[in-house]
Amino acid sequence: MDAFQLRVLAIVAMVVDHVGLFLLGNTVGFRLVGRLAFPLFAFLVANGFQHTHDVRRYGIRLFLFALISQWPYVWLQQSVFPDFAGLNIFFTLFTGLVGLAAWKKWRVASLPLVGVLAAGAQLLKMDYGWVGVMTIWLFGVFYNRLLVAFGGMALSFGSTTLGYLLGLNPQIDIQIAGVAAIPFIRLYNGKPGYRGLKHWFYWFYPVHLLILGIVARVFARG
């Protein structure tokens with residue numbers, strides 16, 4: 001699979017997840033399919049970091065779309081969770097990229113900063129929190145040793161499930177299902193694939209949030 005195909009798969013999984021959560025009353029089957037999305041996006045950011053000629057420009061683009069997406073993200077969330085307050089996934093992707101840039105420049109000396117970034121993601125309620133930031137970081141740092149990255153991702157995603165088993169979390173978390181993305185990442189052939197829709201992928205996120213927000217409210221009124 002090339003990068004374009006991975007992006008398409010990630011977007012399809014994301015839409016299935018959001019439909020299951022916001023339109024179908026948190027349907028478990030849809031949510032399980034949706035667990036594929038974030039690990040794929042995390043890997044694609046790490047992959048983009050490896051190949052970009054301008055990390056700063058890449059980071060600015062992620063942050064810009066984080067700002068653009070924030071209102072549609074909160075508006076959609078509040079259609080189901082009225083008191084919701086949090087930051088969308090683009091903030092998580094941006095923070096993970098910052099962690100990778102710090103690692104590239106300072107190596108081991110950057111680890112305290114990476115820890116602060118992960119903690120900040122959790123405190124600011126970014127989508128996927130510290131797990132999201134560390135997953136991106138692991139994929140980037142161990143880009144040429146993906147089995148190590150996969151192991152770290154599995155541990156990160158399994159942490160909330162372990163918390164449930166230990167009685168620390170009141171509800172079981174299905175994030176561990178994200179490990180199902182591993183075979184697809186292993187199929188990556190190192191090629192970018194079709195590049196004609198590069199910026200469309202960025203715009204798809206806020207636009208689909210807005211559309212789902214409208215549909216969710218129409219359903220609620222009906």
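Me: What makes a residue a contact of R31, and which residues does R31 touch?

Reply: Contact means heavy atoms within 4.5 Å. Not counting residues up to four places away in sequence, R31 touches D17, G20, L21, N26 and I174. This is a predicted model, where local features need pLDDT of at least 70, side-chain atom pairs count only at pLDDT 80 or more, and totals for chains, interfaces and linings use all residues. Residues are numbered from 1 along each chain as its sequence is written, and side-chain values use heavy atoms, with hydrogens and water left out.

Me: Why does R31 count as buried?

Reply: Buried means under 20% relative accessible area, exposed means over 50%, and partly exposed lies in between (1.4 Å probe, protein chains only). R31 has 15% relative accessibility, so R31 counts as buried. Across the chain, buried residues make up 48% of the 222 residues.

Me: Where is R31 found, and how many helices and strands does the chain have?

Reply: Helices (H or I, at least four residues) and strands (E, at least two) are DSSP runs, numbered from the N terminus. R31 sits in helix α2, residues 28–34. The chain has 10 helices and 0 strands.

Me: Why does the radius of gyration of the chain agree with a compact globule?

Reply: The radius is taken over C-alpha atoms, and the globule rule is 2.2 Å times the number of residues to the power 0.38. For 222 residues that rule gives a value near 17 Å, and the chain has 17 Å, so the two agree.

Me: Where does L87 lie, and what is L87 in contact with?

Reply: L87 belongs to the loop between α4 and α5. Leaving aside neighbours within four places in sequence, L87 contacts Q70, Y73, L124, K125, M126 and D127.

Me: What makes a space a pocket, and what volume does the second largest pocket have?

Reply: On a 1 Å grid over the protein atoms alone, a pocket is an open set of points with protein on both sides within 12 Å along at least five of seven lines, and lining residues have an atom within 4 Å of a point. Grid points are joined across faces, edges and corners, and a volume is the space filled by probe spheres set on the points. The second largest pocket has a volume of about 980 Å³. Of its 34 lining residues, the closest to its centre are R7, Y58, R61, K198 and Y202.

Terms used: On a 1 Å grid over the protein atoms alone, a cavity is a set of points where a 1.4 Å probe fits but cannot get out, and a pocket is an open set with protein on both sides within 12 Å along at least five of seven lines; lining residues have an atom within 4 Å of a point.
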